[in-house]
Amino acid sequence: MRPQTGLLGFALPSLAATRSSQSFEDKCLHFRPEDSVRNSTRTELQFVKAGSTITLSDNDPTCGPKSQAVAADVCRVALSIPTSNRSSITYEMWLPEDWSGRFLATGNGNLGGCVAYGSLAYGTTNGFATVGTNNGHNGTNGDTFYQNEEIVADFGWRSLHTSVEVGKRLTALFYSAAASKSYFIGCSLGGRQGIHSAELFPEDFDGIVAGAPAVDFNNLYSSRARYFTVTGAAGAPSYIGADTWKTTIHNEVLRQCDGIDGATDGVIEDPTLCRFQPETLLCGTRKTTKGDCLTDAQVQTVKTIFSDYLWPNSSILYPAMQPGSEIAASGGLYSGKAYGPSVGWFKFAVLEDPAWDPASFTADDALIAGRKDPGGIRTWPSSLAAFEGRGGKILTHHGQQDQQITSFNSIRFYKHLADGMGYTPAQLDHFYRFFRIPGMGHCSSGPGAWAVGQEGGAAAAGVPFDREHNVLAAVVDWVEKGLAPEALVGTKFVNDTAGEGIAYQHTHCKYPAKSTFKGGDRNPRDVGSWECI
């Protein structure tokens with residue numbers, strides 16, 4: 001069911017025109033956005049000079065950086081906007097002097113209480129009027145969800161939609177012209193936000209970049225919660241230490257699966273082809289040294305992790321993790337500790353029991369989460385016809401070594417959407433395209449050519465803003481010029497640092513095509529050694 005809109009009232013804008021001779025700094029410092037957003041409170045109005053670094057002293061400690069470099073001349077606006085009598089959002093809008101005429105909203109991550117400042121800087125560097133929010137609460141533990149459905153609604157859908165309504169209006173007021181096109185970029189929870197927006201509010205965006213989308217959200221969080229019951233705590237017979245995951249298990253994964261694509265390069269090109277057999281590591285079955293083998297209980301742990309999570313009736317609850325992700329997952333989902341975001345979601349939003357013990361998790365809890373669906377967050381549409389009908393475009397991408405959201409779920413969603421709409425891949429291509437990124441972890445990093453212009457930070461630095469290399473530029477050209485992306489060229493920088501140069505590049509193919517090694521004596525690090533088939 002579509003949520004009710006019209007929750008936010010707007011005051012009438014001032015009719016006073018901005019003098020053409022007025023400097024951008026003066027224009028910024030005389031802007032009064034709070035006059036146009038009813039009941040809002042302005043908390044920041046700042047002209048930021050290109051090359052400056054702003055201090056984020058109020059940023060929640062769990063949100064990370066306390067500062068952000070800014071590459072463009074920007075008018076920074078921050079508001080507190082009430083969304084109900086029990087909730088509000090922290091809203092940031094960055095308005096670049098060199099405006100392209102485009103609007104961009106940014107997504108959040110995990111339990112989503114952090115403004116994506118890196119994405120704000122990224123958007124304005126490329127000429128977008130860019131907005132972001134704290135998604136209705138501060139920090140990442142979710143305790144404010146407890147017995148407050150309004151905050152959960154902000155988290156589920158309302159915060160992003162409000163930011164778009166406010167953002168488009170303030171953009172028009174500031175520049176005296178409406179944005180020509182509206183875009184969204186996000187990964188993980190942000191990817192889910194993009195898909196959910198296309199479902200609920202198809203008019204909000206013309207183009208969406210949805211990375212590693214956390215769709216089927218409740219079952220994803222149930223899957224995450226389950227890993228602690230699979231691995232057990234450190235010292236349990238089923239527990240596997242990080243060193244064993246990173247060396248013994250990962251090396252065997254590569255031995256069995258790296259060469260399937262014809263190139264032994266440390267990257268599993270297509271993990272759907274990997275049928276990893278952990279039994280080869282069972283102690284006593286091969287020549288081993290101490291610590292170089294697994295017990296029966298540990299073999300079962302690996303098999304369970306690399307198998308689909310099923311309901312008691314054997315239908316799929318959530319897909320298996322993909323082989324290759326174990327190095328990064330060893331310090332997270334497989335660490336022998338309950339995964340923090342899942343604990344917060346179940347304690348405060350699903351079960352509303354702050355004393356809930358994550359070691360007690362069962363499929364019954366997953367069933368409760370699915371039935372309750374807090375904030376309508378599930379995000380599992382079988383059709384996006386309204387979004388397609390108005391000309392909207394979605395570009396999704398997912399790392400094939402994702403250690404937090406299995407990339408197999410993006411394939412599952414692609415098929416679910418195609419089946420629901422009765423579309424062949426060629427028909428789905430009209431508005432929805434999916435790119436698998438081999439060797440990329442969760443939204444970034446990894447041994448592969450993972451930099452494709454994702455929002456903010458090292459993922460964007462050094463990647464040109466063009467449709468061949470950059471996901472946001474690709475969706476812009478798709479929307480505005482009708483140039484649909486057939487492939488993306490990803491970049492691996494030396495030490496993942498753009499300033500140190502390019503290590504290699506790789507062509508990432510539009511699903512269901514596969515990046516296929518041409519064979520022979522070709523160098524697998526040469527972008528021309530692969531083709532999409």
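Guide: A disulfide is taken here as a pair of cysteine sulfur atoms within 2.5 Å. The model is a predicted one, and it holds six disulfides. With the bonded cysteines counted along the chain, these follow the pattern 1-3, 2-4, 5-10, 6-7, 8-9, 11-12.

Cys 28 and Cys 75 are joined with their sulfur atoms 2.2 Å apart. The torsion about this S-S bond is about 80°, so the disulfide is right-handed. Cys 28 belongs to helix α1 (residues 24–29) and Cys 75 to strand β4 (residues 74–84), so the pair ties together parts that are 47 residues apart in sequence. Cys 28 and Cys 75 are both buried.

In the disulfide of Cys 187 and Cys 443, the sulfur atoms are 2.0 Å apart. Here the torsion about the S-S bond is about -95°, so the disulfide is left-handed. Cys 187 is found in strand β8 (residues 181–187), and Cys 443 in the loop between β13 (432–437) and α14 (457–460), so this pair ties together parts that are 256 residues apart in sequence. Cys 187 and Cys 443 are likewise both buried.

Cys 283 is joined to Cys 293, with an S to S distance of 1.9 Å. This link of Cys 283 and Cys 293 is right-handed, with 90° about the S-S bond. Cys 283 and Cys 293 each lie in the loop between α6 (242–257) and α7 (296–305), so the parts tied together are ten residues apart in sequence. Cys 283 counts as partly exposed at 34% relative accessibility, whereas Cys 293, at 16%, is buried.

The aromatic rings come next. The whole structure contains 31 aromatic pairs. One of them joins Phe 145 and Trp 345 edge-to-face, at 5.8 Å centre to centre and with 90° between the planes. Phe 145 is in the loop between β7 (128–133) and α3 (149–175), and Trp 345 is in helix α9 (residues 340–350), so the pair ties together parts that are 200 residues apart in sequence. Phe 145 and Trp 345 are both buried. Tyr 146 and Phe 348 also form an edge-to-face pair, with 6.4 Å between centres and 70° between the planes. This pair again links the loop between β7 and α3, which holds Tyr 146, to helix α9, which holds Phe 348, across 202 residues. Tyr 146 is partly exposed, with a relative accessible area of 31%, while Phe 348 counts as buried at 15% relative accessibility.

Elsewhere, ring pairs link Trp 380, Phe 413, Tyr 414, Phe 431, Tyr 432, Phe 434 and Tyr 511 into a cluster. Tyr 432 is also one of the residues with the most contacts inside the largest nonpolar core, together with Tyr 91, Met 93 and Leu 95; that core has 46 residues. Apart from it lies another core, of 26 residues, among them Tyr 221, Phe 361, Ala 366 and Ile 405.

Two arginines are placed over rings. Arg 192 lies over the face of Phe 217, 5.9 Å from the ring centre, and Arg 226 lies over the face of Tyr 309, at 4.0 Å from the ring centre.

Key:
Residues are numbered from 1 along each chain as its sequence is written. This is a predicted model: local features need pLDDT of at least 70, side-chain atom pairs count only at pLDDT 80 or more; totals for chains, interfaces and linings use all residues. Side-chain values use heavy atoms; hydrogens and water are left out. A nonpolar core is a set of buried Ala, Val, Leu, Ile, Met, Phe, Trp, Tyr and Cys residues joined through side-chain atoms within 4.5 Å. Buried means under 20% relative accessible area, exposed over 50%, partly exposed in between (1.4 Å probe, protein chains only). Rings of Phe, Tyr and Trp (its six-membered ring) pair if their centres lie within 6.5 Å; planes under 30 degrees apart count as stacked, over 60 as edge-to-face and the rest as tilted. Helices (H or I, at least four residues) and strands (E, at least two) are DSSP runs, numbered from the N terminus. A charge sits over a ring if NZ of Lys or CZ of Arg is within 6 Å of the ring centre and within 35 degrees of the ring normal.
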